[in-house]
Amino acid sequence: MTDDFRSGFVAIIGRPNAGKSTLLNRLVGQKVSITSQRPQTTRHRILGVHTLPQAQIIYVDTPGLHRGESDKQLSRLMNREARTSLEGVDAVVLVVTADGWTERDEPAFELARGAECPVILAINKIDRLKNRERLLPLIEDLRQRLAFAEIVPLSARGGDNVPELEKIILGLLPEHPAYFEAEQITDRSDRFQAAEFVREQVFRSFGEEVPYAVAVEITEFRDEPKHQHIEAVIWVEKEGQKAILIGKGGASLKEIGRRARLEMQKAFGRKVYLGLWVKVREGWSNDVRALKSLGYSEEG
Ligand SMILES: Nc1nc2c(ncn2[C@@H]2O[C@H](COP(=O)(O)OP(=O)(O)OP(=O)(O)O)[C@@H](O)[C@H]2O)c(=O)[nH]1
Ligand SMILES: [Mg+2]
């Protein structure tokens with residue numbers, strides 16, 4: 001390592017579903033954070049580490065900032081996780097989509113206005129724009145709302161212009177030795193990721209109500225000579241949700257398990273046995289003690 005090595009932290013913030021986690025995975029080059037088409041997928045602050053020959057960028061994925069946080073303790077915790085993610089960072093990437101600014105983006109703009117470091121605007125999902133000419137008025141409108149250091153239209157999913165964003169970020173990093181070992185891509189344990197991979201499949205498989213009633217708890221996580229043995233409980237809030245999750249003859253649960261297991265095998269690089277159980281814990285998402293025992297605490 002030479003003297004002019006650069007390293008720093010970059011928070012990725014924005015409304016739910018803007019594509020923050022997809023962008024983080026794209027920037028890191030590996031799957032670190034789960035994604036789904038449903039808002040409020042990410043519930044924790046999650047670090048994604050990208051080590052280059054001359055720099056190490058540490059991205060901070062955050063839950064989507066949203067209003068209506070008084071409804072539930074979980075929702076309040078998620079907003080708090082996102083707000084505190086700006087502490088000590090060297091840059092902020094605020095993610096909006098090419099659909100343009102909406103009221104739902106405002107909580108993230110509010111937070112970004114208070115940032116003490118440069119804020120880069122990422123206009124995501126430009127692959128969905130039928131007419132690229134729409135981009136100019138969109139950029140003009142967004143520029144009025146905050147003094148951004150840079151504005152980068154991109155596609156997190158397709159990868160368009162993501163290297164441009166990385167280049168801008170590299171220019172903002174302070175000189176500092178690497179914070180993490182070069183091989184480390186996240187601060188989160190395999191156990192945490194295993195729980196997230198199960199939750200991801202629930203978010204991807206079910207409509208309205210079920211994903212928001214789900215928390216996943218890993219009850220066994222053991223190294224066996226030829227595989228990783230993992231058991232997990234999927235907690236829901238009502239009996240009806242349990243029935244939906246399990247599905248006819250257990251078909252839905254089986255499919256969730258199959259897909260989550262494949263993701264785990266890819267991430268852990270070894271065979272996985274996954275056992276899943278569904279249990280009911282009424283009102284866990286609004287119960288501070290239950291939240292804590294399920295890994296959703298303020299420190300978390
Ligand atoms: N078309 C298109 N879809 C995208 C793009 N980036 C993300 N998406 C999709 O947008 C949805 C939300 O993506 P996420 O990365 O989970 O969004 P998020 O901002 O992390 O959402 P929360 O964790 O809920 O705050 C997923 O279905 C993604 O596949 C993109 O560049 N183009
Ligand atoms: Mg996310």
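**Chat about the two ligand sites**

Biologist: Which element gives the most to the shell around ligand 1?

Modeller: That's H1, with three residues; helices here are DSSP runs of at least four residues (H or I), strands of at least two (E), numbered from the N terminus. This is a predicted model, where local features need pLDDT of at least 70, side-chain atom pairs count only at pLDDT 80 or more, and totals for chains, interfaces and linings use all residues. Residues are numbered from 1 along each chain as written, chains are lettered from A and ligands numbered from 1 in written order, and side-chain values use heavy atoms, without hydrogens or water.

Biologist: OK, what coordinates the magnesium ion, ligand 2?

Modeller: Ser21 through OG and Thr42 through OG1, at 2.0 to 2.1 Å. Donors are N, O and S atoms within 2.8 Å of the metal (3.2 Å for Na, K and Ca), and water is not among the atoms, so sites may look incomplete.

Biologist: Why does that pair tie together separate parts?

Modeller: Ser21 is in helix H1 (residues 20–28) and Thr42 is in the loop between H1 and strand E2 (46–51), so the parts they join are 21 residues apart in sequence.

Biologist: Is Ser21 buried or exposed?

Modeller: Buried, and so is Thr42. Buried means under 20% relative accessible area, exposed over 50%, partly exposed in between (1.4 Å probe, protein chains only).

Biologist: Back to ligand 1. How far is its oxygen atom from the Thr42 side chain?

Modeller: An oxygen atom of ligand 1 is 2.8 Å from an N or O atom there. The protein covers 94% of the 660 Å² of accessible area that ligand 1 has on its own (Shrake-Rupley method, 1.4 Å probe).

Methods:
A polar contact is a pair of N or O atoms within 3.5 Å; within protein, one must be able to donate a hydrogen and the other to accept it, and residues adjacent in sequence count only if both atoms are side-chain atoms.
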